Amino acid sequence: MLPARMLINDLENFCKDLKKIHASKKNRVVLDIGELSLIDSAGVQLLVAFVRSFTAKGGAVEWENYSVQ
């Protein structure tokens, strides 16, 4: 589940979570964006970097739900 706020000042904990997921042996991750209400370019960059890196190592990323924003 993505946090409601993905602004540059709010990303530290979520970034740590993504690093743990990336380092795990999981080959599939589902990102639920239903609660997301605010995102800035840093948040978008973090998501893009994670998806690109995760899929480059053979993983699959799926999106679930949609943010009303």
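Helices, of at least four residues, and strands, of at least two, are DSSP runs numbered from the N terminus. In this predicted model, residue N9 is found in the loop that joins β1 (5–6) to α1 (12–23). N9 is exposed, as its relative accessible area of 74% is over the 50% cut-off. Along the chain, N9 and V51 are 42 residues apart, and a distance of 21 Å separates their C-alpha atoms.

On the α1 side, the contact involves F14, C15, L18, I21 and H22, which meet L46, L47, F50, S53 and F54 of α2. Of the residues in this contact, 8 are nonpolar and 2 are polar, with no charged residue among them.

A pair of aromatic rings is described by the distance of the centres and the angle of the planes. A search of the whole structure finds 1 such pair. The ring centres of F50 and F54 lie 5.4 Å apart and the ring planes are at 25°, so the pair is classed as stacked; the cut-off for stacking is under 30 degrees. F50 and F54 are 4 residues apart in helix α2 (residues 41–56), and about one helical turn therefore separates them. F50 and F54 are both buried, whereas N9 is exposed.

Technical notes:
Residues numbered from 1 in each chain as written. Predicted model: local features only at pLDDT ≥ 70, side-chain atom pairs only at ≥ 80, totals over all residues. Heavy atoms only, no water. Phe/Tyr/Trp six-rings, centres within 6.5 Å; stacked < 30°, edge-to-face > 60°. Buried < 20%, exposed > 50% of the residue type's maximum accessible area, 1.4 Å probe, protein only. Contact = heavy atoms within 4.5 Å. Nonpolar A, V, L, I, M, F, W, Y, C, P; charged D, E, K, R; others polar.
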